[in-house]
Number of protein chains: 2
Amino acid sequence: MEIRVMANILEQNDRIADELKAALGAQGIFALNLLGSPGSGKTTLLENTLAALKDEMNIAVIEGDLFTSKDAERIARQGVPVIQINTGGGCHLDANMVRNALAGLELAALDLIIIENVGNLVCPAEFDIGEDCKVTVLSITEGEDKPLKYPLVFKQAEAVILNKVDLLPYTSFDMEAACEDLSSISPGAALLLVSCRTGEGLLDWYSWLRQRIAQKKTRSQADD
Amino acid sequence: MEIRVMANILEQNDRIADELKAALGAQGIFALNLLGSPGSGKTTLLENTLAALKDEMNIAVIEGDLFTSKDAERIARQGVPVIQINTGGGCHLDANMVRNALAGLELAALDLIIIENVGNLVCPAEFDIGEDCKVTVLSITEGEDKPLKYPLVFKQAEAVILNKVDLLPYTSFDMEAACEDLSSISPGAALLLVSCRTGEGLLDWYSWLRQRIAQKKTRSQADD
């Protein structure tokens, strides 16, 4: 019973997600689903990314949180359009929430939509929300054992961002083990070591993102 | 439809949780539900707590994880009985999982059972698993905005442990804001500042836990 209901929810979600992919694809918009634990640094990464890229492309942000509009307020200060989704206690975004949020954005003007999911290494990984790719942020203060303990969210990521590397000297984080586990779980994923605090590694992240967006454009032009 | 199914699941869960509370209470066992994000330091807190208290009381541990027995292996090295629950991707423990795990422990010998929940600030807060009290761990590297963003897990906690305070000088964590928000969300909760790495504040945590266990014993003796 319980399982059937869950299957229905996922099926319905995937149908809406496919519609969103088609609609965004038709407008030439790249959609990124940003995942990670509470406090891994998703919003700070986003602030940095917006500051670096907003003059070369038109970006909007959708912020997913249980409650509060704290993150949306931070993003709004970067001068880009932002929509806050409050799940009211729900543990992940779904495609329908994103569809409703998209109705509040002027899509024709956009190149990139970044959707920051609810801080949670478990549930958001199960829901496609119409994105072109998932990127997962892990802060080194969370420990090197997390990829094996929460594999799905790392397996699905095209890029894994290891954040807060400036704190490496003050922790016992085992970088070798983390890299080994990540490449066994998600062999194709890019692994980017960054510190949003010092700026270390961020240029590589921006390059990766630019290339990934360009790749989609090239593919869709080839399809035309 | 979806809501009714969820209500049934919670009702059934609470019924089992009540049975567990009665059964553990009858044996004079205190049960603690330890909550927090992935990497907040729950397992390290547990290792320290076991080392400090295992000679003065009989403790067993139940470890909740999606996959792997990494945490149970760490706990076993402390020489206490430990049962690993793997949820197989599930985002929280429930009372039925704990009931099954308890069947593997020799209850008559125990004073305290600590249940480390799945690393997740959202879903575990909704499920009573038969505990006497919930304790939530927040590491300061997660940021001071988390209590307002994930209020339920803090509201339900009798004690909030602010972990990794040794990293305060290297972060922009706003302690004043964190304390203010925590006391507005959960005015009665004890707030304990600790570093599991340096040992700072741990004695206060052990005292709090000893007192809380003694309080239950006094109450149940008064009820007899």
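Colleague: At about what angle does helix 4 of chain B run to strand 3 of chain B?
Modeller: This is a predicted model: local features need pLDDT of at least 70, side-chain atom pairs count only at pLDDT 80 or more, and totals for chains, interfaces and linings use all residues. Residues are numbered from 1 along each chain as its sequence is written, while chains are lettered from A and ligands numbered from 1 in the order in which they are written. Helices (H or I, at least four residues) and strands (E, at least two) are DSSP runs numbered from the N terminus, and angles, from 0 to 180 degrees, are taken between the N-to-C directions of lines fitted to C-alpha atoms, for helices over the stretch in contact. Helix 4 (residues 95-102) lies across strand 2, strand 3 and strand 4 of chain B, and its angle to strand 3 is about 145°.

Colleague: Which strands stand at the edges of the sheet in chain B?
Modeller: The open sheet has seven strands in the order 3-2-4-1-5-6-7, with parallel pairing; strands pair if DSSP finds at least two bridges between them. Two strands have a single partner strand each, so one side of each is left without a neighbour in the sheet. They are strand 3 (82-86) and strand 7 (190-193) of chain B.

Colleague: What angle does helix 2 of chain B make with strand 4 of chain B?
Modeller: Helix 2 (residues 42-53) packs on the sheet of chain B, touching strands 1, 2, 4, 5 and 6.

Colleague: Which residues have the most contacts inside the largest nonpolar core?
Modeller: In soluble globular proteins, nonpolar side chains tend to be buried together. A nonpolar core joins buried Ala, Val, Leu, Ile, Met, Phe, Trp, Tyr and Cys residues through C-beta atoms within 7 Å; buried means 20 or more other C-beta atoms, placed from the backbone, within 10 Å, exposed means 12 or fewer, and partly exposed lies in between. The largest such core has 124 residues, and those with the most contacts are V98(A), I115(A), V98(B) and I115(B).

Colleague: Which residue of chain A comes closest to the rotation axis?
Modeller: Superposing the copies by least squares on C-alpha atoms with pLDDT of at least 70 in both gives a rotation of 180° with 0.0 Å of shift along its axis (RMSD 0.0 Å). The two copies are thus related as by a two-fold rotation axis. At 3.0 Å (C-alpha), the residue of chain A closest to this axis is N120(A).

Colleague: How many residues of chain A are in contact with chain B?
Modeller: Contact requires C-beta atoms, placed from the backbone, to lie within 7 Å. Of the interface residues of chain A, 100% are also interface residues in chain B, so the copies meet through the same surface. On the side of chain B, 33 residues take part, and on that of chain A the number is 33.

Colleague: Is D132(A) buried or partly exposed?
Modeller: D132(A) sits in the loop between strand 4 (112-116) and strand 5 (133-139) of chain A. Although 101 residues separate D132(A) from A31(A) in sequence, their C-alpha atoms are 5.2 Å apart. Because D132(A) has 19 C-beta neighbours inside 10 Å, it counts as partly exposed.

Key: Contact = placed C-beta atoms within 7 Å.
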